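Here are my notes for you, written as numbered points. Keep the model open while you read and look up each residue as it comes along.

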Amino acid sequence: MAEALKKKRRRRRPAGWLSRREYAIKLRCEEWGVPYSKVSRARVFNRDGWVCQLCGKPIDKVIRFPKPLSKSLDHIVPLSHGPGTPGHVESNCQAAHLGCNSSKGNRV
């Protein structure tokens, strides 16, 4: 009974921990030679009001990857444009549908 009342211990992540997604983006930034800073996806989607910045239609929070209408984080100036671009920073990210983002490709 006493064991059931004990709180479940949660492991804490180290201070510099990155998710798989963020780590992959960091590696891409290093590959292209552009700046990297950790970006809160939730903050970007809330800032943009859950509206796709490419087509102007609302983004459904429930639809999951790999559906074309699922949420996606788009870089306004693509990372592949190399040094001299803003890189992966919050001001260079916008909310988009996965399909809209894929069709945009590496264009500005």
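**Notes on the salt bridges, strands and core**

1. Aspartate 74 and lysine 104 make a salt bridge, with their closest N and O atoms 3.1 Å apart. (A salt bridge here is a side-chain nitrogen of Lys or Arg within 4 Å of a carboxyl oxygen of Asp or Glu.) Aspartate 74 sits in strand E1 and lysine 104 in helix H4 (residues 98-104), so this pair ties together parts that are 30 residues apart in sequence. Helices (H or I, at least four residues) and strands (E, at least two) are DSSP runs, numbered from the N terminus.

2. Before you go on, a word on what you're looking at. This is a predicted model, where local features need pLDDT of at least 70 and side-chain atom pairs count only at pLDDT 80 or more, while totals for chains, interfaces and linings use all residues. Residues are numbered from 1 along each chain as its sequence is written, and side-chain values use heavy atoms, with hydrogens and water left out.

3. Are the two partners from point 1, aspartate 74 and lysine 104, buried or exposed? Aspartate 74 is buried, with a relative accessible area of 2%, and lysine 104 is buried as well, at 11%. The cut-offs go like this: buried means under 20% relative accessible area, exposed over 50%, and partly exposed in between (1.4 Å probe, protein chains only).

4. How many salt bridges does the structure hold? There are three. Another one joins glutamate 90 to arginine 43, with the closest N and O atoms 3.3 Å apart. Glutamate 90 is in the loop between strand E1 (71-75) and strand E2 (93-97), while arginine 43 belongs to helix H3, so the pair links parts that are 47 residues apart in sequence. Glutamate 90 is partly exposed, with a relative accessible area of 24%.

5. Then there's the salt bridge between aspartate 48 and arginine 47, at 3.1 Å from N to O. Aspartate 48 counts as buried at 15% relative accessibility, whereas arginine 47 is partly exposed at 41%. You'll find aspartate 48 in the loop between H3 and E1. Leaving aside neighbours within four places in sequence, aspartate 48 is in contact with Gln53, Gln94 and Ala95. (Contact means heavy atoms within 4.5 Å.)

6. Now for the strands. E1 and E2 run antiparallel and are joined by five bridges; two strands pair if DSSP finds at least two bridges between them. Lysine 71 stands opposite histidine 97 in E2. In a regular strand the side chains alternate between the two faces of the sheet. Both faces of E2 are covered: Cys93, Ala95 and His97 are buried on one side, and Gln94 and Ala96 on the other.

7. Which residues make up the largest nonpolar core? It has seven residues in all: Phe45, Trp50, Cys52, Ile59, Ala95, Ala96 and Cys100. (A nonpolar core is a set of buried Ala, Val, Leu, Ile, Met, Phe, Trp, Tyr and Cys residues joined through side-chain atoms within 4.5 Å.) In soluble globular proteins, nonpolar side chains tend to be buried together.

8. The structure holds one aromatic pair. The ring centres of phenylalanine 45 and tryptophan 50 are 4.9 Å apart and the planes are at 20°, so the pair is stacked. (Rings of Phe, Tyr and Trp, the last by its six-membered ring, pair if their centres lie within 6.5 Å; planes under 30 degrees apart count as stacked, over 60 as edge-to-face and the rest as tilted.) Both phenylalanine 45 and tryptophan 50 are buried.

9. Two rings have a charge over them. The charged end of lysine 71 sits over the ring of phenylalanine 45, 5.9 Å from its centre. Arginine 13 lies over the face of tryptophan 17, 4.1 Å from the ring centre. The rule is that NZ of Lys or CZ of Arg is within 6 Å of the ring centre and within 35 degrees of the ring normal.

10. Last, some backbone details. Tryptophan 50, in the loop between H3 and E1, has a positive phi of about 55° although it is not a glycine. Proline 66 is found in the loop between H3 and E1, and the peptide bond from phenylalanine 65 to proline 66 is cis, with omega near 10°.
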